[in-house]
Amino acid sequence: MHQPTFDVDAASILFNLSGYRVVTASPALGGERLRQVVIETTTGEGACPSCGVLSSRVHARPVQHVKDVACGGERLDVLVRKRRYACREALCPRRSFTEETEQLPARARVTTRLAEQVISACRSEPRAVSRVADEADLSWPTVMRMLTTTLDLDTGVDRRHVKRLGVDEHRFRTVRYLRDPDTHAVRRVEPWSIVFTDLDDGAILDVVDGRRGKVVTSWLAARPRWWRRRVQTVALDMSSEFRAAVRKALPKARVSVDHWHVVRLANEMITKVRRRRVWELHERRGRATDTPWKYRKLLTCAGDRLTVRQRTKLQEILAEDVELAVAWGIKEHVRQVLTARDTSSFQRHWAALQRAVRATRLPEPAALFRTLRAWRRELLTFCRTRITNARTEAANLTAKTIKRVGRGYRNHRNYRCRIIGYAPRPIAA
Ligand SMILES: [Zn+2]
């Protein structure tokens, strides 16, 4: 008997869904309706999922709406005329079964090609899931479910040889005040996320809910022993809680703090002095007409990178106020410490800083020095290794971009899925 194979008509070629042919296509009628396409599979038989026997006896023809990619610039109303075959094997417990294809697996309401398009849109760009969902005419939960169920969220952290680890935290949604239903006490909830990064290539290892040192300790404790032994250096921002956690979980690793955070502390110290001085001199807040206020940015710039004009301005500011000049000098001393590349020059600069701070007798530099002294060992590690947390900060920026584009996330699992699933570069197989 002549088996009629797939009769390639123009509509099926244009529709281009593998394994299917277009039965009818009708134009959009009225303003609201979409163009409608009725499709069916090109094969005339199917294998029973229970016994594997082929059957071509059609038992029923259920019709189902499915979501598909846009065709010809707009979405279509796609109707699939499915075949429900009767199993011909007498001993088989299943009496009938519905056909399945690669593009439309069992119970699928979305074609595989649309699902692939949606997932790749979410993976390659930091787009809002709701926008991608709108474009595909799907709901946000559908798209999010596609991402959480299909993406491989295993970052392979336990198979990696991480020598330098970065730990950093950020807030992933707004602070909430929740009332405890039993005690009626109001509790402040700060949803923080901790990002772990491999500092050698900037890969995000994990995103964990929480901000306490306990979270870091338990995350590190969950890694295999060989993994923990390999970590040589951990870069942190100046969080003593994280430092304690790292020391506990990775006693052999060295901790390094970023020069960026140290310089920021020094700059904050200048700002405090500047504010205090304005109060002392004028008994009011600073105004744009006050020189130290007008050129406040200049005070925090790196002293050795100023232009001639900036330097003249700076001298003008510092000449007006000796305390401010002293504080500025301390900040430059701190920067000097950070330029050290070995232990001896670090110690030399450190001693100079200590002498300078003692000589000032100002409270702000003294407080700054106390903080720095608590981090002396980590600063020395930074100077010797030059390991910064910049890559973690970059990973954090990606996370924050995703958060902002999505207008915040309420569920940490979805948030984590979005960050780890986001791969702007094609992933090597
Ligand atoms: Zn069967």
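How many helices and strands are there in the protein chain? There are 17 helices and 16 strands, where helices (H or I, at least four residues) and strands (E, at least two) are DSSP runs, numbered from the N terminus.

## Ground rules

This is a predicted model, in which local features need pLDDT of at least 70 and side-chain atom pairs count only at pLDDT 80 or more, while totals for chains, interfaces and linings use all residues. Residue numbers start from 1 along each chain as its sequence is written.

## Overall form

Let's start with the whole chain. Its radius of gyration is 32 Å, well over the 22 Å that the globule rule gives for 429 residues, so the chain is more spread out than a compact globule. That radius is taken over C-alpha atoms, and the globule rule is 2.2 Å times the number of residues to the power 0.38. Along the principal axes, the C-alpha atoms fill a box of roughly 105 × 55 × 55 Å.

Of the 429 residues, 29% count as buried. A residue is buried if 20 or more other C-beta atoms lie within 10 Å of its own, exposed if 12 or fewer, and partly exposed in between, with C-beta atoms placed from the backbone. Among contacts between residues at least 6 apart in sequence, 59% join residues at least 24 apart; two residues are in contact if their C-beta atoms, placed from the backbone, lie within 7 Å.

## Helix α14 and its partners

Axes here are lines fitted to C-alpha atoms, for helices over the stretch in contact, and angles run from 0 to 180 degrees between N-to-C directions. On the α8 side, L265, A266, M269, K272 and V273 meet E364, P365, L368 and T371 of α14. The residues of this contact divide into six nonpolar, one polar and two charged. For these classes, Ala, Val, Leu, Ile, Met, Phe, Trp, Tyr, Cys and Pro count as nonpolar, Asp, Glu, Lys and Arg as charged, and the others, Gly among them, as polar.

Helix α13 (residues 343-360) also meets α14: their axes come within 8 Å and cross at roughly 150°. Q354, V357 and T360 of α13 make the contact with P365, A366 and F369 of α14, and the residues divide into four nonpolar, two polar and no charged.

## Exposed residues worth a look

Q315 lies in helix α11 (residues 308-320) and is exposed, with 11 other C-beta atoms within 10 Å. Q315 and V337 are 22 residues apart in sequence and 23 Å apart in space, C-alpha to C-alpha. D152 lies in the loop between α4 (140-150) and β10 (164-171), and this residue is exposed, with 9 other C-beta atoms within 10 Å. D152 and I420 are 268 residues apart in sequence, yet 8.9 Å apart in space, C-alpha to C-alpha.

## Positive phi in two loops

Most residues other than glycine have a negative phi. R107, in the loop between β9 (96-98) and α2 (112-124), has a positive phi near 65°. R107 is exposed, with 8 other C-beta atoms within 10 Å. R386 has a positive phi near 60° and sits in the loop between α15 (376-385) and α16 (390-405). R386 is exposed, with 10 other C-beta atoms within 10 Å.
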